[in-house]
Amino acid sequence: PKLQPWAEKVFPALAHLDGTARPNGVRAADDGWMHSLLLAVRSAMSAQGLSAAVGVLINTSLNLKDMPIAADIKDVLGLFCIPESSDLDFLVIENYLFERSVALVQNLCAQLEL
């Protein structure tokens, strides 16, 4: 379906080139783990003072413009070290939720030698 203008503005990464998206709703009864993850993201957003009326999780190939798709865990975590990824707030890897913070980015970049 075609995204409403507000959704395309708030969540630009959701939109395909033609302005459509493939949204999926998740109820606790459907997928308890995913529902809990969305609630955790919304809670973390609220703790940062961000509007969190809607929890959104985008599952996509992980790469930045003009860069190859992340091939391993070092590539994925290294994305936090790239200035162009400043709008990447969270990463979910297996059962771990990483929230972007200055301390996390500094530590990761040092550990990954980036």
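W33, L57, V92 and L97 together make a nonpolar surface patch of about 320 Å²; patch members have over 30% relative accessible area and no salt bridge, with nonpolar side chains (Val, Leu, Ile, Met, Phe, Trp, Tyr) joined within 5 Å. A salt bridge here is a side-chain nitrogen of Lys or Arg within 4 Å of a carboxyl oxygen of Asp or Glu, and areas come from the Shrake-Rupley method with a 1.4 Å probe, only the protein chains shown counting as cover for residues. The model is predicted, so local features need pLDDT of at least 70 and side-chain atom pairs pLDDT 80 or more, while totals for chains, interfaces and linings use all residues. Numbering runs from 1 along each chain as its sequence is written, and side-chain values use heavy atoms, without hydrogens or water.

V92 sits in strand 1 (residues 90-93), a strand being a DSSP run of E of at least two residues, a helix one of H or I of at least four, numbered from the N terminus. V92 counts as partly exposed because its relative accessibility is 33% (buried is under 20%, exposed over 50%, partly exposed in between).

M45 belongs to helix 2 (residues 32-47) and is buried, at 18% relative accessible area.

Terms used. Patches are made of residues with over 30% relative accessible area and no salt bridge: like charges are joined within 9 Å, nonpolar side chains (Val, Leu, Ile, Met, Phe, Trp, Tyr) within 5 Å. Buried means under 20% relative accessible area, exposed over 50%, partly exposed in between (1.4 Å probe, protein chains only).
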